[in-house]
Amino acid sequence: MAVSSSAIVSPLLINIRTNLSSSSPDLPLFSIFRKTTTRKPSVVILSCKSEDGLANEEKKLLLERYGYDANEFVSEPSPKTTRRRKELQKTGKGKQVSPEDPKPPRTTHKLLQVLGGKARRKKLLSPKGMDVRPMMEVVKGAAFDILQVAGGCPASLRPGRWLDLYSGTGSVGIEALSRGCSEVHFVEMDPWVVSDVLRPNLEWTGFLDVSVIHTVRVENFLERAMQFVGKDQSFDYISVTPPYTEVDYEVLMGQISSSALVGEDTFIVVEYPLRIDMLDSCGCLVKIADRRFGRTHLAIYGPKWAQKRRKSEKSFPVVAEKMIANGRLKV
């Protein structure tokens, strides 16, 4: 019987020769060998967040350099993760927020008009929306009636210079020019309102030549009054019609009362909302009127002689009635 000379590999990695012929007496009956394996070095991969995706590319190069399949370790984000990121971006909680929609262009309409004087019944432009809130016409009419009576000229204003703070559309200053004022300084910080509303209104009413426009914040104007109006700083009339929620009336009125813009014979018209208590005086001036028009209040300060005149005019009808009743005055 022939004996095979092939080697048998046992589970214990021992080669056993099965050829037992005497032709190879010097060969060992069996031999032990160790299977050699190539062990890949361990690789530690560090990653950091990167907005432009460079971290994944660096990982792939590093893995390929050491003989690994990069696709097994670096994978694209799952659809669930991608969907979650998009939801965060839409809600504004993610890192990338979609840009806001552009604001619609600002437009104007003609709802205001001049109530009295040379430009009576001329329509004035005003912005649509609530960006600029002009003085209501009923409030404006009452303010000018009080000023004309207090100044001793019921038919018109005493000639003088007017300062229109927070002018907006310019309706208050234009009303003053129409009723007899010689010059008005308009203070408005919004360039669009100045170019598209205030200036066209002055051109339409014919008062541009007797007007001065200051495109600056009211606070800065009051601080640098001499720079804007020169040495002759005091005005005969000052109107204050600010946006209610954006000013502190106590600070604002304190700044006005201590300014050289206020003279001994100056009249100040202040429009203010409910729940605001206005003082009885403003510097050297006293409060001569305080009216309410719904949610809007109107306070007017002036010299003491104007207050006495208004009191005498108010008391005249009462005195006249008593004289008529006593027979001392015939009708």
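Author: The expected span of a helix is 1.5 Å times one less than its number of residues. This is a predicted model. Helix H6 covers residues 191-205, and its 15 residues should therefore span 21 Å. The end C-alpha atoms of H6 are 20 Å apart, which agrees.

Reader: Where in H6 does a kink lie?

Author: The kink, of about 30 degrees, is at leucine 198, shortly before proline 200.

Reader: What is found at the start of H6, and what follows the helix?

Author: At the start, a side-chain oxygen of aspartate 190 comes to within 3.0 Å of the backbone nitrogen of tryptophan 192. After H6 comes glycine 206, with a positive phi near 85 degrees.

Reader: Which elements do the buried residues of H6 pack against?

Author: Buried means under 20% relative accessible area. The buried residues of H6 include Trp192, Val197 and Leu202. Their partners in packing are strands S4, S5, S7 and S8 and helix H5.

Reader: How many residues of strand S6 are buried?

Author: In S6, 5 of 5 residues are buried. Arg161, Leu163 and Leu165 lie on one side, with Trp162 and Asp164 on the other.

Reader: Which strands does S6 join?

Author: S6 pairs with S7 in the parallel sense over 5 bridges, and 4 bridges join S6 to S9, also parallel. Aspartate 164 has phenylalanine 186 as its bridge partner in S7, while leucine 163 has isoleucine 238 in S9. With H5, strands S6 and S7 make a right-handed β-α-β unit.

Conventions
Residues are numbered from 1 along each chain as its sequence is written. This is a predicted model: local features need pLDDT of at least 70, side-chain atom pairs count only at pLDDT 80 or more; totals for chains, interfaces and linings use all residues. Side-chain values use heavy atoms; hydrogens and water are left out. Helices (H or I, at least four residues) and strands (E, at least two) are DSSP runs, numbered from the N terminus. The bend at a residue is the angle between axes fitted to the seven residues ending there and the seven starting there. Buried means under 20% relative accessible area, exposed over 50%, partly exposed in between (1.4 Å probe, protein chains only). Contact means heavy atoms within 4.5 Å. A polar contact is a pair of N or O atoms within 3.5 Å; within protein, one must be able to donate a hydrogen and the other to accept it, and residues adjacent in sequence count only if both atoms are side-chain atoms. Two strands pair if DSSP finds at least two bridges between them. A crossover is right-handed if, with the strands pointing away from the viewer, the path from the first strand over the helix to the second runs clockwise.
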